[in-house]
Amino acid sequence: MTYLTSPTAPRRVVVISTGGTIASRWQGAGYAADAGGDEVLAGVAVPDGVIPEVVDLFNVNSSRMTSARQLALLHAVHEALADPEVAGVVVTHGTDTLEESAFLLDLHHADPRPVVFTGAQRPLGSADSDGPGNVYDALQVAARVRDLGVLVAFDGIVHAARGTVKTQTLAAHPFADPSARLVGRLGFHRVDIARRPERPRPLLLPSAARALAAGEPVELPRVDIVTHHSDADPLLLDAAVAAGARGIVFVATGTGNATPQFAESVAAAVTRGVLVAVTTRVHAGPVAEVYTGGGAVDLVAAGAVLTGTLRAGQARIAVLATLLADAEGVAEAEGVADAAGVVPERRSALLRHLLGAPESRPESAPAA
Ligand SMILES: NC(=O)C[C@H](N)C(=O)O
């Protein structure tokens, strides 16, 4: 099975620069992003037949990412792909929140041409920087692959946006999906794709992205993340609701478990119209309805949605995308022609669709 093309003519690839270590220099007390896309590309060997075109979108360390910036990125990618002569898009991005931005784009990506995220773990211009090699690889992938959605090319590996998490703080291979098989490998000028990532039908570009790009004021929904641990009580979850959160990602223990008190707080939040998703602190494997007594069985009964194998950062993005979705976007994603609007009752269904989570309830109760 191949998702690769063999280009004969030169291919234009739009490179959107957003900052991160790949664009970072020493500031006298620590590193920070301050170089534009031209500087990032200056040290890069460009693959044969690829013509990069730089777009400087913003320039931040990615721990400073916001929904507004991510929507600007989503809009910029749609603009770039509106040109049929563009073969693909590369996004250079800090690794800290790369998985979040990449997943937001993947949830809204309906084009066969790829968007390929990359970055660096060592700063711009350092003798051992991994940036140039990563950009070379990303350009190759962007120019050649088709029908794989949004990807991450880093340290010789091709990851799907969905499911990828930063698993290493400093090592040159920061990304992995601990719950899935590898998508592809890079090296020796080759791109080898092993599997096609499973993706639900994507959403249309939300009107909030268009309004922000037009400079109109937009109120973006607050989505908080709360973590369970020994001794935890629902104080912070309740505080998120009181602060106006419209979505909450609850990072539970094990297969998605907490306490009866948390189940009560989740029920109260859901009653107030808050969309609650449950993921886990464990690094691999799905959350599942196995335990009661405050476990995932009770959190789901309280109205929460389980997030399959997605971890907190991406689960939060799925909740955000659900809250931002317009009626037409939902109709497109769910394959319905006459969506009446994104009413709260439909939000859980849309979130489940975006999560693409397999049924989490065991088929039958174990024999007594
Ligand atoms: N390697 C990196 O890019 C980390 C950096 N702190 C960032 O996310 O912007």
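This is a short talk on one predicted protein model, from the whole chain down to single residues.

Two points on how to read it. Residues are numbered from 1 along each chain as its sequence is written. The model is predicted, so local features need pLDDT of at least 70 and side-chain atom pairs count only at pLDDT 80 or more, while totals for chains, interfaces and linings use all residues.

I will start with the whole chain. The protein chain has 11 helices and 16 strands. Here helices (H or I, at least four residues) and strands (E, at least two) are DSSP runs, numbered from the N terminus. Along its principal axes, the C-alpha trace spans about 60 × 50 × 50 Å. What radius of gyration would a compact globule of 368 residues have? It would be near 21 Å, and the protein chain has 21 Å, which agrees. That radius is taken over C-alpha atoms, and the globule rule is 2.2 Å times the number of residues to the power 0.38.

Next, burial. A residue is buried if 20 or more other C-beta atoms lie within 10 Å of its own, exposed if 12 or fewer, and partly exposed in between, with C-beta atoms placed from the backbone. Of the 368 residues, 49% count as buried.

Then contacts. Two residues are in contact if their C-beta atoms, placed from the backbone, lie within 7 Å. Taking contacts between residues at least 6 apart in sequence, 72% join residues at least 24 apart.

Now the domains. Domain bounds come from an automatic or database domain assignment, and here the assignment gives domain 1 (11–193) and domain 2 (222–355). Their C-alpha centres lie 29 Å apart. Where they meet, 11 residues of domain 1 are in contact with 13 residues of domain 2. Helix α3 (residues 98–107) gives the largest share of the domain 1 side, five residues. By type, that side of domain 1 divides into five nonpolar, four polar and two charged residues. For these types, Ala, Val, Leu, Ile, Met, Phe, Trp, Tyr, Cys and Pro count as nonpolar, Asp, Glu, Lys and Arg as charged, and the others, Gly among them, as polar.

UniProt has its own entries for the chain. Its positions are given in the numbering used here, feature names are shortened, and annotations may be inferred rather than shown by experiment. In an unreviewed entry, UniProt lists "domain: L-asparaginase N-terminal" at residues 12–196. That span is 24% helix and 31% strand, and its end C-alpha atoms lie 24 Å apart. The unreviewed entry also places "domain: Asparaginase/glutaminase C-terminal" at residues 222–323. Residues 222–323 are 37% helix and 19% strand, with end C-alpha atoms 10 Å apart.

On to the ligand. Which residues surround the ligand? They are Gly20, Thr21, Asn61, Ser62, Ser63, Gly94, Thr95, Asp96, Gly119 and Gln121. To be near a molecule or strand, a residue needs its C-beta atom, placed from the backbone, within 6 Å of it. The shell has no nonpolar residues, nine polar and one charged.

Two residues of that shell, Thr21 and Thr95, are listed by UniProt under "active site", again in an unreviewed entry. They are spread over 75 residues of sequence but cluster in space, the largest C-alpha distance being 7.7 Å. Thr21 lies in the loop between β1 (11–19) and β2 (24–26). Is Thr21 buried or exposed? Thr21 is buried, because 27 other C-beta atoms lie within 10 Å. Leaving out residues up to four places away in sequence, Thr21 touches Thr95 and Tyr31, among others. Thr95 lies in the loop between β5 (86–92) and α3, and it counts as buried because it has 22 C-beta neighbours inside 10 Å.

Asp155, in the loop between β7 (150–154) and β8, has a phi near 50°, a positive value in a residue other than glycine. Asp155 counts as partly exposed because it has 18 C-beta neighbours inside 10 Å. His189 has a positive phi of about 65° although it is not a glycine, and lies in the loop between β11 (184–187) and β12 (190–193). His189 is exposed, because 10 other C-beta atoms lie within 10 Å.
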